Each structure stands twice: as structure tokens, then as C-alpha cells.
Amino acid sequence: MKAIRIIYNSFIWSLLIALFCFDNLWLQMRVNTGYIFMALWVVLSLLFNLIFRKQSFGFGGWFSLVNLVICVIITLVSFGWTRLQTVPAALIREGLHQNTLSFTTVNIVLLFIIIGGLLWIMMAHRHGKSYKQA
Amino acid sequence: MKFKKLGLWVIAAATVLSLNALGSGHAQAATKDQPLKISKKNKTVTMQAEVNGTYFTEPTRHGIVYQGGTNGEKAILRGLTSEKTFYKALKKIGAKAGNNLTAKDMTAGAKNGKSVKGDKLKVTIQWKGQKAMNFQKIIKSTKKYKTDFRFGGNLASAKKNNTGCVLCLDSCATGIVSDAAWPTGTTQNKVAEFRGNKKVLPKDGTRVQVTFKLAHKD
């Protein structure tokens with residue numbers, strides 16, 4: 001479960017960093033920011049897995065929830081609702097070289113990963129607590 | 001435990017691959033290049049392109065970029081013909097290239113940029129249910145201006161860099177066609193910003209036809 005929490009939080013941070021890279025016109029006009037997102041996701045996941053390898057801690061359920069809320073607030077303040085409906089989907093479809101995917105399709109998959117992942121982590125967190133109490 | 005971890009990595013990889021698979025069916029058709037329509041009599045070249053909705057909200061300096069180029073996803077319109085083929089087509093209708101800009105010119109400041117030279121081109125765009133209109137109408141700029149598209153040429157730079165640039169919104173040393181109304185350095189110094197006009201353009205992914213007509217041969 002620790003690995004899932006690490007992969008999930010790395011996903012959120014990678015997406016946030018890639019969004020800011022996309023926001024930089026110089027970088028956006030020269031680099032495939034989708035690659036930045038994917039590379040960061042892999043690197044951060046491996047890095048945190050290595051750091052927390054011998055510890056039971058590794059981003060808890062509440063940590064993941066607060067992290068998501070903070071990251072959503074940062075992106076909403078920085079990009080606004082209209083741009084947020086396009087930019088994450090645009091950078092992901094560019095990274096995957098799937099330019100015919102609609103923004104709606106990519107956004108649905110993103111929401112599924114973000115909300116579904118958090119629900120999974122929170123449920124596992126509760127399950128783990130009740131298991132310990134029993 | 002190791003198997004469990006391996007399983008989690010497989011889930012992550014599967015997510016990426018499933019997104020890839022979702023688009024692959026359409027991608028086959030989209031990546032297929034489309035032939036240019038050349039009329040030596042009317043001095044026109046017509047290119048197929050697709051609307052990229054990313055640039056309804058984001059700024060860009062690219063009007064049309066060939067989808068196979070390194071900048072294929074950086075333009076308001078995704079060109080469906082190689083910029084090199086497009087260059088040859090403009091030559092076939094008798095257009096003369098300016099070839100006056102170098103890579104060094106692209107590092108210009110806000111006030112010392114150079115404008116592209118070459119034959120003047122009238123650029124229009126149309127799509128299903130929409131009559132041909134001036135290309136300028138699909139561009140939303142932070143400053144008012146009148147487009148002055150020129151056949152910059154730049155084939156050597158296009159071959160070297162493989163960016164796929166067909167039409168740039170300010171003067172460019174790589175784009176086959178670019179706008180002399182804005183000198184080099186316009187976008188990187190934020191003199192003006194350009195976006196796709198959402199109020200005019202059809203939705204993301206719509207096929208459009210862009211026609212380049214040699215202006216002085218009228």
C-alpha cells in the first residue's frame with residue numbers, strides 16, 4: 001500500500017510541476033511538457049520508494065488528501081478554471097502523442113485516477129486502522 | 001511483497017498504456033499525411049490542417065506546424081502535410097523565398113528585430129459549413145495589427161531543425177511562411193501574444209483547409 005501512496009502523490013506533484021513548465025512560454029514552445037510529467041512521475045516514485053524503503057511511513061491517507069487539496073488550490077489560483085480544463089489534458093495527450101484524444105476523455109481519465117486513487121488510499125487507511133484496533 | 005510492488009507498477013504502466021490505446025484508433029488516420037492541392041493557374045496552394053484547442057487559452061507563436069515536426073503540437077493548427085513538401089509547392093506556383101533571416105536574428109530584443117522578406121501571400125481558411133475567411137480572423141492578439149504573410153523560405157533551417165513550422169505568427173528564420181508585420185523577437189519578448197480565436201474557430205480536432213495565394217500575381 002505504501003507504494004501506491006508514493007506513486008499517487010508523485011503523480012500529483014509531477015502533474016503540478018509539468019503544469020508550471022507548460023505555463024512557461026519559452027519552455028512550452030521548445031519542450032514536450034508531457035515528457036516532463038512522465039519522467040518526473042517515474043523519477044519521484046522511484047526516489048520516494050528508495051527513501052521510504054525501510055520505513056513504514058510513506059505518505060499516509062490524510063497526507064495524500066491534504067496534498068491533493070493544496071495542489072488543487074495552487075493550480076486553481078495559478079491557472080483558473082477555464083485553463084485547467086485544457087492545460088493538463090493538452091500536456092498529457094502531447095506526451096502520449098495522442099492528439100486525437102479529446103480533452104474531455106483525458107480529463108475523465110485524470111479525474112478517475114485522482115479521485116479513485118485518493119478513495120482507494122483513504123479506504124485502505126481506514127481498513128488498516130480498524131485492523132490494528134481489532 | 002515484491003510481487004505486490006511489481007503489480008502496482010504494472011497498474012501505473014497500464015494507466016498510461018490505456019490512455020495511449022484510447023487514442024490509437026483515431027491516431028492511425030490522423031497521422032496520415034494529406035496531399036496538397038496546387039493550382040499553378042490560380043497561384044494557390046491548399047493545405048489540410050486540424051484545430052488544436054490547446055491554443056484557445058494558451059499563447060503561441062505558431063500558426064500552422066506539421067504534425068510530424070518536433071513542434072507539431074505547438075500551433076493553433078496542426079498541419080497534415082510536411083513543411084518541406086509545402087515549400088516545394090510554393091516554389092511550383094512561382095513564389096520567391098526571402099531567405100533573409102538567420103538563427104542569430106531569432107535572439108533579437110523587443111526593438112531590434114528583423115522582418116521576414118519574400119513574396120507576399122494572402123492566406124485564407126475555411127472548413128465544412130464555413131466560407132473562406134482571412135486567416136487573421138482566427139488569431140486573437142493582445143495588440144491590433146494587420147497580417148503581412150511572406151514566403152520566408154528557410155528550407156535549410158527547416159531540414160536542419162525538423163520543427164515542422166509551416167506558418168509562424170511573427171517573423172521566423174525556420175518557418176516557411178511567417179508574418180512580416182511582427183519582427184523577430186516579438187513573442188519571446190512578449191511584445192504581443194497570439195492565441196486561437198475560440199469564437200471563430202471550430203472545435204478542437206476539426207479539419208480545416210488553409211489556402212496560400214501568391215498576392216502579387218493577381
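Predicted model: local features only at pLDDT ≥ 70, side-chain atom pairs only at ≥ 80, totals over all residues.
Biologist: Which elements give two or more residues to the lining of the second largest cavity?
Modeller: The lining consists of A:Phe22, A:Asp23, A:Asn24, A:Leu25, A:Gln28, A:Arg83, B:Glu58 and B:Pro59. The elements that give two or more of these residues belong to chain A: helix H1 (2–23) and helix H2 (25–28).

Biologist: What volume does the second largest cavity have, and how do its lining residues divide by class?
Modeller: The space in the second largest cavity is about 40 Å³. Its lining divides into three nonpolar, two polar and three charged residues.

Biologist: Which helix gives the largest share of the lining of the largest pocket?
Modeller: The largest pocket has a volume of about 610 Å³. Two helices each supply at least two residues of its lining, H2 of chain A and helix H3 (155–161) of chain B. The largest share is three residues, and the helix that gives them is H3(B).

Biologist: Which residues lie nearest the centre of the largest pocket?
Modeller: The lining of the largest pocket has nine nonpolar, twelve polar and four charged residues. In total 25 residues line the pocket, and nearest its centre lie A:Arg30, B:Arg61, B:Met106, B:Cys172 and B:Thr174.

Biologist: How many helices and strands does chain A have?
Modeller: The C-alpha atoms of chain A fill a box of roughly 55 × 30 × 25 Å along the principal axes. Of its 134 residues, 51% are buried. From the N terminus, its elements run α-α-α-α-α-α. The secondary structure of chain A therefore comes to six helices and zero strands.

Biologist: Which residues of H4(A) are buried?
Modeller: An α-helix has 3.6 residues a turn, so residues three or four places apart point the same way. In H4(A), the buried residues are A:Gly61, A:Ser64, A:Asn67, A:Leu68, A:Cys71, A:Thr75, A:Phe79, A:Arg83 and A:Leu84.

Biologist: At the start of H2(B), which residue's side-chain oxygen reaches the backbone nitrogen of B:Lys84?
Modeller: Helix H2 of chain B covers residues 83–92, and its buried residues are B:Glu83, B:Lys84, B:Phe86, B:Tyr87, B:Ala89 and B:Leu90. Just after H2(B), B:Gly94 takes a positive phi of about 95°. At the start of the helix, the oxygen that comes to within 3.0 Å of the backbone nitrogen of B:Lys84 is from B:Ser82.

Biologist: Is A:His97 buried or exposed?
Modeller: Most residues other than glycine have a negative phi. A:His97 is not a glycine, yet its phi is positive, about 55°. It lies in the loop between helix H5 (87–95) and helix H6 (103–133) of chain A. Its relative accessibility is 52%, and the cut-off is over 50%, so A:His97 counts as exposed.

Biologist: What relative accessible area does B:Asn99 have?
Modeller: B:Asn99 also has a positive phi without being a glycine, at about 45°. Its place is in the loop between H2 and strand S5 (121–127) of chain B. B:Asn99 is partly exposed, with a relative accessible area of 45%.

Biologist: Is B:Ala192 buried or exposed?
Modeller: B:Ala192 sits in the loop between strand S10 (177–179) and strand S11 (194–196) of chain B. Its relative accessible area is 1%, and the cut-off for burial is under 20%, so B:Ala192 is buried.

Biologist: What separates the C-alpha atoms of B:Leu36 and B:Ala103?
Modeller: B:Leu36 is in the loop between helix H1 (2–30) and strand S1 (37–39) of chain B. B:Leu36 is buried, at 18% relative accessible area. B:Leu36 and B:Ala103 are 67 residues apart along the chain, and their C-alpha atoms are separated by 28 Å.

Key: Residues numbered from 1 in each chain as written. Chains lettered and ligands numbered in written order. Heavy atoms only, no water. 1 Å grid on protein atoms, 1.4 Å probe; cavity = no way out; pocket = protein on both sides within 12 Å on 5 of 7 lines; lining within 4 Å. Points joined across faces, edges and corners; volume = space filled by probe spheres on them. Helix = DSSP H or I, 4+ residues; strand = E, 2+ residues; numbered from the N terminus. Nonpolar A, V, L, I, M, F, W, Y, C, P; charged D, E, K, R; others polar. Buried < 20%, exposed > 50% of the residue type's maximum accessible area, 1.4 Å probe, protein only. Polar contact = N/O pair within 3.5 Å; in protein donor to acceptor, adjacent residues only side chain to side chain.
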